[in-house]
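Try each task before you read its solution.

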Amino acid sequence: MSPERLEGDQAFRSEGLGGREPEMTYGGAVSFLRRKYTRDIADTDIVVSGVPFDMATSNRPGARLGPRAIRAASVGLAELEAYPFGFDPFDHLAIADYGDCFIDYGHPEAAVERIEAHATEILAHDTTMVTLGGDHFITYPLLRAHAEKFGTLSLVHFDAHCDTWPDDGDRLDHGSMFLRAAREGIIDPASSVQIGIRTHNSDTFGFTILGAPWVHREGIPATVDVVREVVGDAKAYLTFDIDCLDPAFAPGTGTPVSGGLTTAQALEAVRSLGGLDLVGMDVVEVSPPYDVAEITALAAATLAHDFICLQATGAGAPGADYGRT
């Protein structure tokens, strides 16, 4: 007889961090990609965690509910081999869901310290973080923690907004934190790329900007070529604001802007970043109250899933084969 299978609720029943067992897509305990909830991460390759914070938003709220929605939308991705990669990422990587960073809503001024400490604790285990936001301000403390470990970083930034508008060094604002990060030497604008931008700022502050119209005209292969040229062999952090996608593909976000990328374009771009030295990733600004049929949360979950598969190819898994279908 074959050994008994642990069917269902792998989020808390799993005995390890690899492999998978049968789940109901419509039931069971929800974690990201059905990975085990644990803070015992000594042997992990990737740690997923949520940062449910949206007190820095400038328009529609709700991104604090993003991590929960992204986890729920990820369940279908956990039951089949990854497309178009053609492998099971759990055969190649030990992945844990660490749960959420606790942030006291009554003390938003402590958010930077709490998020940075949360990330520092995870990074101390020599693992790669994949973070589910939350509004985009959370990337600032995440960058601080990553830069403390890896040094000044290049930023690969997908967004409708440049997020380099005026910053006083103290404000909680999801539209100014990358100017602060650049001024503090956490990121290097000269080796950083912003992709999908379609809002105006009179100063680029040294970032290479590939606006959404340019991406549509030139295509994703040309976009990725520029990213590779600018970033080179620097250690880089990937941050994906879901409003980089056009509102037709991501209505559930706080500051939607027409004219953005399609989900297909974004996924192809992320899948094509192999070879870059990506030390961490986040996907942010999913606001479930404004979503329709989970399409925004599903896009975010798939982007994080495909980043994980990209990491798996670096760990020996075969590369993606798009085939002719």
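**Exercise 1.** At roughly what angle do the axes of helix α3 (residues 111-123) and helix α4 (residues 139-150) cross?

*Solution.* The structure is a predicted model.

Step 1. The axes of α3 and α4 cross at roughly 40° and come within 8 Å.

Step 2. Name the arrangement. Angles under 35 degrees count as roughly parallel, and 65 to 115 as roughly perpendicular.

Step 3. α3 passes α4 in a right-handed crossing.

Step 4. List the contact. α3 contributes Val-112, Ile-115, Glu-116, Ala-119, Thr-120 and Leu-123. From α4 come Tyr-140, Pro-141, Leu-142, Arg-144, Ala-145, His-146 and Lys-149.

Step 5. Sort by class. The contact of α3 with α4 has 8 nonpolar, 2 polar and 3 charged residues.

**Exercise 2.** Describe how helix α7 (residues 220-231) packs with helix α8 (residues 263-271). Which residues make the contact?

*Solution.* 

Step 1. α7 and α8 pack at an angle of about 40°. Their axes lie 10 Å apart.

Step 2. Name the arrangement. That angle makes α7 oblique to α8.

Step 3. The crossing of α7 past α8 is right-handed.

Step 4. List the contact. On α7, the residues are Ile-220, Pro-221 and Val-224. On α8, they are Gln-265, Glu-268 and Ala-269.

Step 5. Sort by class. The contact of α7 with α8 divides into 4 nonpolar, 1 polar and 1 charged residues.

How values were computed
Residues numbered from 1 in each chain as written. Predicted model: local features only at pLDDT ≥ 70, side-chain atom pairs only at ≥ 80, totals over all residues. Heavy atoms only, no water. Axes fitted to C-alpha atoms, helices over the stretch in contact; angles between N-to-C directions. Helix = DSSP H or I, 4+ residues; strand = E, 2+ residues; numbered from the N terminus. Parallel < 35°, antiparallel > 145°, perpendicular 65-115°, else oblique. Left-handed = near helix turned anticlockwise from the far one by under 90°. Contact = heavy atoms within 4.5 Å. Nonpolar A, V, L, I, M, F, W, Y, C, P; charged D, E, K, R; others polar.
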